[in-house]
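Biologist: Please take a close look at one part of this model, the open sheet, and at the aromatic rings that go with it.

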Amino acid sequence: MTLPAVDIDASVAFYKGMGFALIVLSPHYARFECPEGDATFSVHLSVEPSGASGVVVYFECSDLDVRVAELQGRGYVFSKPPTDERWLWREARLQDPSGNTLCLFWAGQNRKNPPWRVSAAA
């Protein structure tokens with residue numbers, strides 16, 4: 001996935017501060033490796049902030065509460081603290097410098113195998 005960024009330098013600092021590893025950088029583009037797993041994502045220069053698109057980017061982390069506390073200690077502001085949700089995930093939300101909504105979450109087995117999972121025969 002690629003997110004819009006109105007300021008590449010601010011986005012790079014924000015995501016590196018969250019623990020993502022910068023692997024590609026140009027004046028209009030940056031790509032990161034996620035701290036857990038093998039996923040990558042990027043930001044691309046945009047003239048306008050993303051606004052209220054309704055899109056939420058989810059990053060799963062097994063140490064959600066510890067990570068949120070560490071980020072808050074470094075000045076990251078969360079619009080929603082870690083909260084147990086009715087869909088059996090624990091989530092916290094914040095916005096990046098361009099206004100993209102991010103959700104840090106932990107779902108464990110419930111991400112792929114919730115109690116209401118559709119059977120293979122369906």
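Modeller: Two strands count as paired if DSSP finds at least two bridges between them. This is a predicted model. On that basis, an open sheet of 4 strands runs in the order β1-β4-β3-β2, with mixed pairing. β1 (2-5) and β2 (21-26) are the edge strands; each has a single partner strand, so one side of each lacks a neighbour in the sheet. Neighbouring strands here are turned by 20° against each other on average, direction ignored.

β1 pairs with β4 (residues 40-45) in the parallel sense, over 4 bridges. Pro4 stands opposite His44 in β4.

Next, the rings. The structure holds 12 aromatic pairs. One of them joins Tyr15 and Phe41: the ring centres are 4.9 Å apart and the planes lie at 70°, so the pair is edge-to-face. Planes over 60 degrees apart count that way. Tyr15 sits in helix α1 (residues 8-18) and Phe41 in strand β4, so the contact ties together parts 26 residues apart in sequence. Tyr15 is buried, at 0% relative accessibility. Phe41 is buried too, at 1%.

Tyr15 and Phe41 belong to one aromatic cluster, along with Phe14, Phe20, Phe32, Phe59 and Tyr76.

Conventions: Residues are numbered from 1 along each chain as its sequence is written. This is a predicted model: local features need pLDDT of at least 70, side-chain atom pairs count only at pLDDT 80 or more; totals for chains, interfaces and linings use all residues. Side-chain values use heavy atoms; hydrogens and water are left out. Helices (H or I, at least four residues) and strands (E, at least two) are DSSP runs, numbered from the N terminus. Axes are lines fitted to C-alpha atoms, for helices over the stretch in contact, and angles run from 0 to 180 degrees between N-to-C directions. Rings of Phe, Tyr and Trp (its six-membered ring) pair if their centres lie within 6.5 Å; planes under 30 degrees apart count as stacked, over 60 as edge-to-face and the rest as tilted. Buried means under 20% relative accessible area, exposed over 50%, partly exposed in between (1.4 Å probe, protein chains only).
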